[in-house]
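Visitor: I have not seen this structure before. Please take me through it in questions and answers.

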Amino acid sequence: MRGAPPIDLEALLVALVLAPSTFSRNRFFSLYADPGARRVRRRAALLRSLVRQLVSGADRAGLAPAESGGALLTYDVPSLGLKRTAALDALEVAVLRIAVARGAPPPSAQQDIDPERPSNGAALPRDLLPEPADTSRIERALARLLPEERQGGALDSPGPAEPGEPDAATRPLPRDRAQRDTQAP
C-alpha cells in the first residue's frame, strides 16, 4: 500500500470486527506492519471474543456508562467461572451491539418470562440491543474506507470500464455453471 493514503483506523476496527476476512493479513501485509493497525487488529480480536461469549450465553450482561464517554461492559460466563469487564469507547459499543445482535437468536425463538432478562440465557439485555445511532455510526466509519472520488483512497479501486461496457462487479453472471466459471469478473 505504498503511496496510498493512510487507512482510517476506526473504520478498520469496524471492518475487522464485522467482517474479519475483509483485510486478510497476507493480502494487506504492509497494512499490518503499521503499529497502529496492529493495535486495531488486537482490539478487534478482543471485541470478537466478547461477542462470542455474549452470544453463547453469558449471564448478567450489561453496559454501564463510563466517565470517558464510552461504556463498561460486564458479564459472567458460569461454565468457565469467569466474570469479565471491558472498557469500550462509543464506536466499540456500537460495533459490539451490532455484532451481538447478528449472532443472537431471533426474538421469536426466545421465550421471555422477564422482559429485562429472559430465563434461557440466549436473549440480549436491552442495553446490548442495537440503537439507530449505532448503525449510522458504523456506516459513517465504514464509509471512510471507500476511495475518495478522483483522489484515490485508502483502498485501491479498479479503474473505470470501457465506455458502454458494464462494470465487472455489477454485471450479472449466467446461471449455467460452465458459462459462469468462464465469465467471472
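This is a predicted model: local features need pLDDT of at least 70, side-chain atom pairs count only at pLDDT 80 or more; totals for chains, interfaces and linings use all residues.

Visitor: Which pattern of helices and strands does the chain follow?
Guide: Helices (H or I, at least four residues) and strands (E, at least two) are DSSP runs, numbered from the N terminus. The chain has six helices and three strands. Along the sequence they give the pattern α-α-α-β-β-β-α-α-α.

Visitor: What percentage of the residues of the chain count as buried?
Guide: Buried means under 20% relative accessible area, exposed over 50%, and partly exposed in between, with a 1.4 Å probe and protein chains only. The chain has 185 residues, and the buried share is 33%.

Visitor: In what order do the strands form the sheet?
Guide: Two strands pair if DSSP finds at least two bridges between them. The edge strands, each pairing on one side only, are strand 1 (59–65) and strand 3 (82–88). The three strands form an open, antiparallel sheet in the order 1-2-3.

Visitor: How many bridges join strand 1 to strand 2?
Guide: Strand 2 covers residues 71–77 and runs antiparallel to strand 1. Gly 62 has Thr 74 as its bridge partner in strand 2, and Asp 59 stands opposite Asp 76. The number of bridges joining the two strands is five.

Visitor: Which residue takes a positive phi in the hairpin of strand 1 and strand 2?
Guide: Five residues lie between the strands of this hairpin. One of its residues has a positive phi near 105°, and that residue is Gly 69.

Visitor: Is Arg 60 buried or exposed?
Guide: Arg 60 belongs to strand 1. Its phi is positive, near 50°, although Arg 60 is not a glycine. Because its relative accessible area is 64%, Arg 60 is exposed.

Visitor: Is Ala 61 buried or exposed?
Guide: Ala 61 lies in strand 1. Contact means heavy atoms within 4.5 Å; beyond its neighbours within four places in sequence, Ala 61 has contacts that include Leu 54, Tyr 75 and Pro 125. Its relative accessibility is 13%, so Ala 61 counts as buried.

Visitor: At what angle does helix 3 run to strand 3?
Guide: Axes are lines fitted to C-alpha atoms, for helices over the stretch in contact, and angles run from 0 to 180 degrees between N-to-C directions. Helix 3 (residues 35–55) lies across strand 1, strand 2 and strand 3. Its angle to strand 3 is about 135°.

Visitor: Which strands does helix 4 touch, and what angle does its direction make with that of strand 3?
Guide: Helix 4 takes in residues 90–103 and packs on the sheet. It touches strand 1, strand 2 and strand 3, and its direction makes an angle with that of strand 3 of about 130°.

Visitor: Are helix 4 and helix 5 roughly parallel or roughly perpendicular to each other?
Guide: The axes of helix 4 and helix 5 (residues 132–143) come within 9 Å and cross at roughly 110°. Residues of the contact include Leu 91 and Ile 98 of helix 4 and Arg 137 and Ile 138 of helix 5. Angles under 35 degrees count as roughly parallel, over 145 as roughly antiparallel, 65 to 115 as roughly perpendicular and the rest as oblique. The two helices are therefore roughly perpendicular.

Visitor: Which side chain does Glu 92 join in a polar contact of 2.7 Å?
Guide: Glu 92 is found in helix 4 and is buried, with a relative accessible area of 7%. A polar contact is a pair of N or O atoms within 3.5 Å; within protein, one must be able to donate a hydrogen and the other to accept it, and residues adjacent in sequence count only if both atoms are side-chain atoms. The partner at 2.7 Å is the side chain of Arg 43.

Visitor: How many residues of helix 1 are buried?
Guide: Helix 1 (residues 9–18) is mostly covered. Its buried residues, among them Leu 12 and Val 17, pack against helix 2 (29–33), helix 3, helix 4 and helix 5.

Note on methods:
Residues are numbered from 1 along each chain as its sequence is written. Side-chain values use heavy atoms; hydrogens and water are left out.
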